[in-house]
Amino acid sequence: MNPLHSLQPQAVWQWFADICAIPHPTYQEAALAEMIVARAKEKGLAVQQDEKGNIYIRKPAQGAGMADKPGVILQGHIDMVAQKTPDSPHDFAADPIRPQIIDGWVHATQTTLGADNGLGSAMGLAVAFADDIEHPPLEVLLTVEEEIGMDGARQMRGDLLQGRYLINLDTEEAGCVYVGCAGGRDADLRLPFATEAAEGQHVRITVSGLLGGHSGIDIHRGHGNAIKVLTDLLTRLPEESGWRLAAFHSGALRNVIPSEAEAEIVLPQAFIGVLTELADTVRAETQNELGKFADKLAIQVAPLGQGAQAASHADSRRMIDLLAAVPSGVLKWSEEFDGVVDTSNCLSVVHTEDGKFTASMLLRSLRERPKDDFCRQLGSIARLSGATLHTEQDYTGWEPHMSSALLQKTIESFVAVRGQQPQIEVVHAGLECGLMQKHLPHTEMISFGPTIKGAHSPKERVQIDTVEECWRILLDLLKRIA
């Protein structure tokens with residue numbers, strides 16, 4: 001028996017269990033979307049998909065007097081981040097997510113859970129499929145490809161939606177209502193290099209055991225960045241060793257803080273001892289800096305044999321210096337919202353392949369100018385190192401509107417259910433509301449959700465009792481909207 005079937009509210013957890021049963025990483029949501037559309041048709045709901053694959057479900061108002069109230073859109077995304085532990089055999093393209101309950105939280109088994117945003121989607125679907133919930137004219141919008149570029153929201157069809165209010169169910173802190181979010185921009189630094197046969201000891205250096213996490217909401221928490229740790233080590237190698245880089249690999253997704261990184265280098269046998277001592281020093285210093293977040297940090301040096309194809313020492317130094325020069329982490333704190341990051345950059349993915357070195361990052365900011373300023377800085381770093389800068393997938397932030405009627409009704413619902421007002425927040429992560437405002441300029445929007453920790457990592461988990469609380473707030477809000 002699926003452990004989720006014992007949880008309340010049953011309709012929400014049943015939908016989440018069904019979502020977990022069908023693989024749905026970003027770009028592989030088609031099977032899940034097909035199931036949702038088929039069930040909506042069986043239920044007699046009006047449903048359609050746009051060319052991108054986004055799902056639009058429409059349902060008439062339910063309850064006395066509800067038909068005369070303004071329409072409401074419930075919105076979530078159906079794709080999930082695919083991350084697993086190094087020893088997990090999980091195949092995200094074929095295997096279902098296996099939830100388990102531990103001390104009041106739902107976890108997955110050695111993988112991301114997909115509560116981000118499977119639970120938000122499950123809540124929207126539970127309302128749409130219910131026969132006993134009062135609500136105004138209802139639309140449910142389920143987008144695709146949110147986790148990588150937000151292309152679903154970018155290409156959604158605003159003409160298919162009529163609601164005056166939109167409730168996004170994709171934030172992760174119970175007791176909070178979100179009214180704004182950061183925008184983002186992808187950036188790549190690319191540097192060509194040539195390889196040749198290099199003599200000496202071929203070794204692999206592996207950094208592992210960092211916490212990782214979401215590159216937006218966790219960027220200020222001091223989880224550490226495996227790319228930066230490995231770069232720190234390589235920059236300390238003596239020049240006289242003439243070390244040469246054969247490979248560098250870390251990360252797969254821009255929106256994940258890298259928890260592991262590895263490099264292969266070639267250097268004289270006489271410097272292996274120096275490398276080992278430096279690895280111990282960097283590990284100890286990083287653990288001292290990061291504290292509990294680096295308890296499991298390991299830096300291993302493993303011999304691979306003699307000689308290898310590698311870049312010249314000059315090109316090797318240029319690539320590592322480039323990584324060292326790129327800022328990663330909090331760049332500026334907000335002056336308007338206490339404790340909120342204004343601008344950040346996460347150096348997320350580094351790969352060498354076929355004579356090309358690529359460092360990929362995701363820049364986030366509550367405002368547009370800091371993104372432009374930082375990209376000019378990256379351009380200067382690129383020119384100094386002989387690299388080129390490429391940017392794409394820019395999306396604007398979501399500007400707060402504190403006088404929103406929807407916000408006031410949401411506050412009332414929080415007070416009714418929780419007995420206290422919610423915290424009004426701006427999140428340093430990309431919510432789809434910023435992009436959706438372009439398509440729905442006259443629609444008021446807010447966002448809230450249950451408590452989710454460790455999103456975008458195998459430690460992802462959701463606090464069970466906050467799901468029920470979130471559900472009760474949502475149902476109360478649907479009755480209050482006028």
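Visitor: Let's say exposed means over 50% relative accessible area, buried under 20% and partly exposed in between, using a 1.4 Å probe and protein chains only. Is Asp-465 buried or exposed?

Guide: Exposed, with a relative accessible area of 51%. Bear in mind that this is a predicted model: local features need pLDDT of at least 70, side-chain atom pairs count only at pLDDT 80 or more, and totals for chains, interfaces and linings use all residues. Residues are numbered from 1 along each chain as its sequence is written, and side-chain values use heavy atoms, leaving out hydrogens and water.

Visitor: Which helix is Asp-465 found in?

Guide: Helix H11. Helices (H or I, at least four residues) and strands (E, at least two) are DSSP runs, numbered from the N terminus.

Visitor: And how many Å apart are Asp-465 and Val-203 in space?

Guide: 49 Å, C-alpha to C-alpha. In sequence they are 262 residues apart.

Visitor: What does H11 pack on? Start with the strands.

Guide: There is an open sheet of four strands, in the order S4-S5-S21-S20, with antiparallel pairing. Strands pair if DSSP finds at least two bridges between them. S4 (100-102) and S20 are the edge strands, each pairing on one side only. S5 (residues 105-107) and S21 (residues 461-463) run antiparallel, joined by three bridges. Trp-105 has Gln-463 in S21 as its bridge partner. H11 (residues 464-480) packs on this sheet and touches S4, S5 and S21. Contact here means heavy atoms within 4.5 Å.

Visitor: What angle does H11 make with S21?

Guide: About 60 degrees between their directions. Axes are lines fitted to C-alpha atoms, for helices over the stretch in contact, and angles run from 0 to 180 degrees between N-to-C directions.

Visitor: Which residue lies over the face of Trp-105?

Guide: Arg-461, at 5.4 Å from the ring centre. The rule: NZ of Lys or CZ of Arg within 6 Å of the ring centre and within 35 degrees of the ring normal. Arg-39 lies over the face of Trp-15, at 4.0 Å from the ring centre.

Visitor: Switching to aromatics. How many aromatic pairs does the structure hold?

Guide: Three. Rings of Phe, Tyr and Trp (its six-membered ring) pair if their centres lie within 6.5 Å; planes under 30 degrees apart count as stacked, over 60 as edge-to-face and the rest as tilted. One of the pairs is Trp-15 with Phe-129, edge-to-face, at 5.0 Å centre to centre and 65 degrees between the planes.

Visitor: Why does that pair tie together parts 114 residues apart in sequence?

Guide: Because Trp-15 lies in helix H1 (residues 10-20) and Phe-129 in helix H3 (residues 115-129). Trp-15 is buried at 5% relative accessible area, and Phe-129 is buried at 16%.

Visitor: What about Phe-414 and Phe-448, how do their rings sit?

Guide: Their centres are 5.6 Å apart and their planes are at 90 degrees, so the pair is edge-to-face. Phe-414 lies in helix H9 (residues 405-418), while Phe-448 is in the loop between strand S19 (444-447) and strand S20 (452-453), so the pair ties together parts 34 residues apart in sequence. Phe-414 is buried at 1% relative accessibility. Phe-448 is buried too, with a relative accessible area of 1%.

Visitor: Now strand S3. How many of its residues are buried?

Guide: Six of six, across residues 72-77. In a regular strand the side chains alternate between the two faces of the sheet. Both faces of S3 are covered: Val-72, Leu-74 and Gly-76 are buried on one side, and Ile-73, Gln-75 and His-77 on the other.

Visitor: Which strand does S3 join by six bridges?

Guide: S6 (residues 138-143), running parallel. There, Gln-75 has Leu-141 as its bridge partner. S3 also pairs in the parallel sense with S7 (residues 165-168), over four bridges. In S7, Leu-166 stands opposite Ile-73.

Visitor: Last one. What does Ser-316 touch?

Guide: Trp-243, Arg-244, Leu-245 and Ala-311, not counting residues up to four places away in sequence. Ser-316 is in helix H7 (residues 313-325) and is buried, with a relative accessible area of 0%.
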